[in-house]
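Subject: Structure handover

Hello,

Here is the structure I promised to pass on. Please open it first, then read my notes below.

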Amino acid sequence: NDQLTDLFKASKSDISILVSDFLMELSEALARTSISRLTEFKSLADVLEPEIIQACLESNGVATLRKRKLPMDAMIWAVIGMSLFRTESVRQLINKLDIVLPQDVDYVARSAVTQARKKLGSNVVQDVFYRTAQTWHERAEHPHWNGLNIYGVDGVVWRTPDSAANSATFARTANKASYAGYPQVRMVCLMELSSHLILGSAFDSVSENEMNLASRLINHIPNNSLTLFDKGFYSLGLLHEWEQKGSNTHWLLPLKKGTQYEVIDSLGKQDK
């Protein structure tokens, strides 16, 4: 209808202004959220609730039952710290994060870190992400458009270290001349567009199709939602299943050139 059309209409000058404003806001947001010192790590505890961490540990059967130098809840903080302070080794990072270690522990051995990471596994971290994302989303006052929250789905590709294990697991993009220098991972995520909160994500080798990854996000679709896709996600099966999931769930994407379709009804001059 006309309202959907207006959502995507913008002149070149309007787009230029929007991009400029977006970049300025992004720069300011990054400046506000920048974490440059380990002492600032403590502020994340205000938004990542200990109760969520403990519930995820217990549900996966890896809760700490006795006093350890490196408790499992501390290991979750260490994993988060690894993503924020990538120049630090894991052992250095854990020894500096005394805010999550018992007060009488001054040093954590390399073997303790390795054992704790193996015991923690990936399922706990995944559960922490999903429960935290859901909690933040429910508490946030997102703006609505015609009673719908606006979401977006898109993909990204990352390089991984060029190791034998990664090469055996992840593919590499290629052209006629050569292959990429690194194994690559593809991720597709579902994001609330006003806040950029990610509600769901799916990872696999770069050889996996984006539409297949997007289908793994269907269970995370909120009710009363409009999800924007780019035209690369045109798949009748995916879009039909997306609309059928939940209540009042809709999608919108630009049609590929040459797509064949039948006009059932015209709701405005800009429909075609």
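Asparagine 149 has serine 225 of strand 4 as its bridge partner. This is a predicted model.

To get from strand 4 to strand 5, the chain passes through helix 10 (residues 236-244). This β-α-β crossover is right-handed.

Now look at the two faces of strand 4. In a regular strand, side chains alternate between the two faces of the sheet. Ser225 and Thr227 lie on one side of strand 4, Leu226 and Leu228 on the other. All four are buried, so both faces are covered.

Next, the backbone. Most residues other than glycine have a negative phi. Two residues are worth a look here.

- Asparagine 224 has a positive phi, near 55°. Its place is in the loop between helix 9 (210-215) and strand 4 (225-228). Asparagine 224 is partly exposed, with a relative accessible area of 36%.
- Histidine 196 also has a positive phi, near 65°. Histidine 196 sits in the loop between strand 2 (184-192) and strand 3 (197-205). Its relative accessibility is 43%, so histidine 196 counts as partly exposed.

Over to you.

Best wishes

Terms used:
Residues numbered from 1 in each chain as written. Predicted model: local features only at pLDDT ≥ 70, side-chain atom pairs only at ≥ 80, totals over all residues. Heavy atoms only, no water. Buried < 20%, exposed > 50% of the residue type's maximum accessible area, 1.4 Å probe, protein only. Pairing = 2+ DSSP bridges. Right-handed = clockwise from strand over helix to strand, strands pointing away.
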